[in-house]
Amino acid sequence: MPELPEVEVVRAGLERHVVGARLASVAVLHPRPVRRDVRGPEGFAAALTGRTVTGARRRGKYFWLPLDNGDALLGHLGMSGQMLVGPTDAPVERHLRVRFGLELGRGPGGPAGPSTLDLRFVDQRMFGGLLVSADGAELPREISHIARDPLDPAFDDDEFVRRVRRRTSGVKRLLLDQGLISGVGNIYADEALWRARIHGERPGDRLTAAQVRLLLAEARHVMTAALAQGGTSFDTLYVNVNGESGYFDRSLHAYGREGEPCDRCATALRRVAFTNRSSFFCPRCQPAPRRRRTTAPAPLTDPV
Ligand SMILES: [Zn+2]
C-alpha cells in the first residue's frame, strides 16, 4: 500500500513529466475509480479534456494537479493505484482504469511540434480514485480537513505536541489520525514507534512533550529515508511513478517482523491486532502502558 513517501515520489514524477501538458484526451475505462466525481465518468472526462496541467501538489496521501481554469484533478492511490507516464503505444496494462492522452508543448530545445505521451491510472483493487475538484487548484475542498504531513515545511510541531498530549487514545491511533497529522501510515507508525521506544497503546496524555517530539522526529526520519530510496525508481524508459521504493525489504526494524529478533536488544518482536491490520513492536524496548486507574475500560475510539 503506498504510503506518503511513495505518493511524494508520484507527485515529483508528475511534476517532472506532466506539468505544462495539455490533456488532449481522457478515457474512463472503468467507472469505479471516478465514483466520487458527481459528474459521472463522461462528465469527468469532459471537465478535463483540453485543460492544461499547471502544477503537481500533495497533502498527505492525496495528490492533485492544478489546472489552467482553477480546477484540479485530485487523486488517491488507495491500496494498489499507480500513475504511469509513458509512450502512447506502450502495451495496455491489465488494470488500466483511466487513460489521459497528453500533448506536450514544444519546450526549449525540444522536438519541433507537440509530442505525445500517456498518463495512465492503473489500479487493480480500485480503492483509489480520481475526481475533478472545482476551484481546487490551491487546495481541493474535498481534502481541506486533512492535516499537513510532517514533511510539509508548514507543519506546526508545537501544535501537534499540544494536541497529542490532550488526547487519551493510544499514540499509534493518533499518528494515524488524518486530522492531527497526515501521511503516516501503518508501516511508518510502527517504525517510528520502535525507533522512539514507545508502545503504540501509550495514551497521548501519558507522553511527555519530549517523547512526542522524539516520535515526530523519528517519523520524519523513516519517511525521509524512504523518500530518498523511492526517488531512485525514476529514470527508466517507461517511467513508473508509483514509487516502488524497495524500502520495505531493506530498512524495516519492526513492521512485518513478528518473531524475529529486535535489532536493538534481540528480544523476539511481537504482533498484535490493530483495527483491521497489525502492529509490530519490541516488548522490551517498547513496554506496554500500565492500566489507567479507573474502573471504566479505556474507550476504543476517541470521543468525536
Ligand atoms: Zn528491543
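Let me start at L84, which lies in strand 5, residues 81-86, where strands (E, at least two residues) and helices (H or I, at least four) are DSSP runs numbered from the N terminus. The model on the screen is predicted, so local features need pLDDT of at least 70 and side-chain atom pairs count only at pLDDT 80 or more, while totals for chains, interfaces and linings use all residues. Residues are numbered from 1 along each chain as its sequence is written, and side-chain values use heavy atoms, with hydrogens and water left out.

Staying with L84 for a moment, its relative accessible area is 5%, and therefore L84 is described as buried (buried is under 20% relative accessible area, exposed is over 50%, and partly exposed is in between, with a 1.4 Å probe and protein chains only). If you then look for L96, which is 12 residues away from L84 along the chain, you will find that the C-alpha atoms of the two residues are separated by 9.8 Å.

I would like you to pick out E8, which has its place in helix 1 and which counts as buried because its relative accessibility is 15%.

Let us now turn to the aromatic rings. How many aromatic pairs does a search of the whole structure find? The search finds two, a pair being rings of Phe, Tyr or Trp (its six-membered ring) with centres within 6.5 Å, called stacked if the planes are under 30 degrees apart, edge-to-face if over 60 and tilted for the rest. One of them is formed by F155 and F160, whose centres are 5.7 Å apart and whose planes make an angle of 55°, and this pair is tilted. Both partners are covered, since F155 counts as buried at 11% relative accessibility and F160 is buried with a relative accessible area of 5%.

The other pair is made by Y255 and F280, and it is edge-to-face, with 5.1 Å from centre to centre and 70° between the planes. This pair links distant parts of the chain, as Y255 is in the loop between helix 7 (247-250) and strand 10 (270-274), whereas F280 is in strand 11 (residues 277-281), 25 residues apart.

Which atoms coordinate the zinc ion? They are the SG atoms of C262, C265, C282 and C285, at 2.2 to 2.4 Å (donors are N, O and S atoms within 2.8 Å of the metal, or 3.2 Å for Na, K and Ca; water is not among the atoms, so sites may look incomplete). Along the chain, the donors of the zinc ion follow the spacing C-x2-C-x16-C-x2-C. Why is the arrangement called tetrahedral? It is because the four donor atoms subtend angles of 99 to 115° around the zinc ion, and four donors count as tetrahedral if all angles lie between 85 and 135 degrees. Of the cysteines, C282 is buried, with a relative accessible area of 0%, and C285 is buried as well, with 12%.

T267 has its place in the loop between helix 7 and strand 10, and at 23% relative accessibility T267 counts as partly exposed. The C-alpha atoms of T267 and R284 are separated by 6.8 Å, although these residues are 17 apart along the chain.

I will finish with two backbone details. M126, in the loop between strand 7 (115-123) and strand 8 (129-133), has a positive phi of about 60° although it is not a glycine, and M126 is buried at 9% relative accessibility. T275, in the loop between strand 10 and strand 11, is also a residue other than glycine with a positive phi, near 45°, but T275 counts as exposed, at 54% relative accessibility.

How values were computed: Four donors count as tetrahedral if all angles lie between 85 and 135 degrees; four count as square planar and six as octahedral if opposite donors are over 155 degrees apart and all others between 65 and 115; anything else is irregular.
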